[in-house]
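Colleague: I have a model open and would like to learn how to read it feature by feature. Could you walk me through it?

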Amino acid sequence: MAITSANQLELLQTAEAVAREKMIDPGLVVEAMEESLARAAKSRYGSEMDIRVSIDRKTGRATFTRVRTVVEEEELENYQAEMTVEQAKQYLADPKVGDTFVEEVPPVEMGRIAAQSAKQVILQKVREAERDRQFEEFKDRAGTIINGVVKREEYGNVIVDVGRGEGILRRNEKIGRESYRNGDRIRCYIKDVRRETRGPQIFLSRTAPEFMAELFKMEVPEIYDGIIEIKAVARDPGSRAKIAVISYDGSIDPVGACVGMRGSRVQAVVNELQGEKIDIIPWNEDVPTFLVNALQPAEVSKVVLDEDAERIEVVVPDEQLSLAIGRRGQNVRLASQLTSLDIDIMTEEEESQRRQKEFEERTQLFMDTLDLDEFFAQLLVAEGFTNLEEVAYVELDELLVIDGVDESTAGELQTRAREFLEEQAKKALESARALGAEDSLINFEGLTPQMLEVLAKDGVKTLEDFATCADWELAGGWTTDNGERHKDEGLLEPFDMPLEEAQHLVMTARVLLGWVDPTELEEEADEDEVEGDDDALEAEADNAQA
């Protein structure tokens, strides 16, 4: 096919038609044509030549040019596309390295093979442009709800036509045992949009908690306007869900607004979610209060919060236990997801038994170590003393409030407690040395003899060994695996070692060994302090707006 005046305009018309059909820029199609013509010309004139084609956007005329670049003599490799300064003098007046000489060459006739190759280049470019357009269109829609039409089902995964693209609703993202037929209309949440070699992949979901939040935003104008905010959502898709809401307008009840007149608003969401029962809960900044709300409809007698471990103990009346736990643990599991805390539920009787057992254990501890009778030991426990350290180092006045304890008795109690602790520390230090603990670790400030003994038993015997430990290995922590949190026991956790203290000790050891530059630590600490101040200012601003 020769590029003649008869088919010059035809090139532009074809480009516009393809661009219109694929909804892409006509300029991209013309560029693809230019590239395909240049490739055909190279096969005619030689692949080493730098042949370029330019199509006039108004007339459709294709201009074929050969480009040669001026290079240093020692860098000359391709004689067809490059030339030295000396060679360029016959073409250019004052040639310099980097200059180019462009000359027009005759158009080529495209044979059948060249035409087929050109067609493939154009199709490839068009496909790439179409994928880019599709990705750009959907990448900003992630996190929103989209309506689509079911095209087909493959191995349990539903392929959904979402307008200018296709989305995939995986089997595990469907509610319960939902099934769809071709042509069914479906509403989904765009969970993710990824750019892949096959084109943009649009991942849809109907089980994501965000799907429910977006549905409520569509049904409740107050949420859309920002008067009511959804603070947390927990779902057991197709069965039950809990959603926590807060109102920034004292005159509007957040729960009532979400329920709607005669339940119309919440019922619309329930119908979309295949009858999923929804508990709407008022949000509260006070975690125990919020948890009591989250465990509805069960009644809660008492809540004990352990903020460090992110755990919470809930005491319920005996007859409320099954209701608080829910069928197959559903109620407590959703409440745990909503609050991001591990929840231990026990009855009042179980809690009473546990408290009695702790009371007896502490009483026995004071009887054995301080040589006290049972009555006096019980008095100490009743006053809130839980261990020997508290007795040994507490202010004397706190012992004097106990009935029958004068200064002499209090002093004797503290002396006995200190002597016992010192003896225990001496034995622990001897044991640690016997296990191989070296002076570099023993003399390290911040570790007690009992801690040294535990570390030595685990093979941590030198300061170098200690410096290689992770903070969670010492203080313990929590690991989340497949949505479930698991406890990691720390070596020094029995000594109530906080995570921050473990971090400080490990970094101090690394500084002493010269592994870490102390000035870097100071800079990081300053940055953290500035970030903390910024967060505090933002929080104050948010509260002021609220």
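Modeller: Gladly, and we can begin with the surface. The accessible surface of the protein chain comes to about 31900 Å², and 45% of it belongs to carbon and sulfur atoms. Such areas come from the Shrake-Rupley method with a 1.4 Å probe, and for residues only the protein chains shown count as cover. Keep in mind that this is a predicted model, where local features need pLDDT of at least 70 and side-chain atom pairs count only at pLDDT 80 or more, while totals for chains, interfaces and linings use all residues. Residues are numbered from 1 along each chain as its sequence is written, and side-chain values use heavy atoms, with hydrogens and water left out.

Colleague: What share of the 546 residues counts as buried?

Modeller: Buried means under 20% relative accessible area, exposed over 50%, and partly exposed in between (1.4 Å probe, protein chains only). By that rule, 38% of the 546 residues of the protein chain are buried. The secondary structure comes to 22 helices and 17 strands; helices (H or I, at least four residues) and strands (E, at least two) are DSSP runs, numbered from the N terminus.

Colleague: How do I read burial along a helix, say α9?

Modeller: An α-helix has 3.6 residues a turn, so residues three or four places apart point the same way. In α9 (residues 287–294), the buried residues are F290, L291, N293 and A294. Seen down the axis of α9, these fall within an arc of 160°, so they line one face of the helix. The arc is that of the directions from the helix axis to the C-beta atoms.

Colleague: Which residues have the most contacts inside the largest nonpolar core?

Modeller: In soluble globular proteins, nonpolar side chains tend to be buried together. A nonpolar core here is a set of buried Ala, Val, Leu, Ile, Met, Phe, Trp, Tyr and Cys residues joined through side-chain atoms within 4.5 Å. The largest has 25 residues, and M212, F216, I230, I243, L273, I278 and I280 have the most contacts inside it. At least two residues of this core come from each of α5 (209–219), β10 (228–236), β11 (240–247), α7 (254–259), α8 (264–272) and β12 (277–282). Its largest share, five residues, is supplied by α5. Apart from this core lies another, of 23 residues, including A456, A467, L505 and V506.

Colleague: And what is I243 in contact with, beyond its neighbours within four places in sequence?

Modeller: Contact means heavy atoms within 4.5 Å. Leaving those neighbours aside, I243 touches F216, I230, A232, V233, I278, D279, I280 and I281.

Colleague: Where should I look for backbone geometry?

Modeller: The peptide bond from Q296 to P297 is cis, with omega near 10°, and P297 is in the loop between α9 and β13 (302–306). R262, in the loop between α7 and α8, has a positive phi near 55° although it is a residue other than glycine. At 87% relative accessibility, R262 is exposed.
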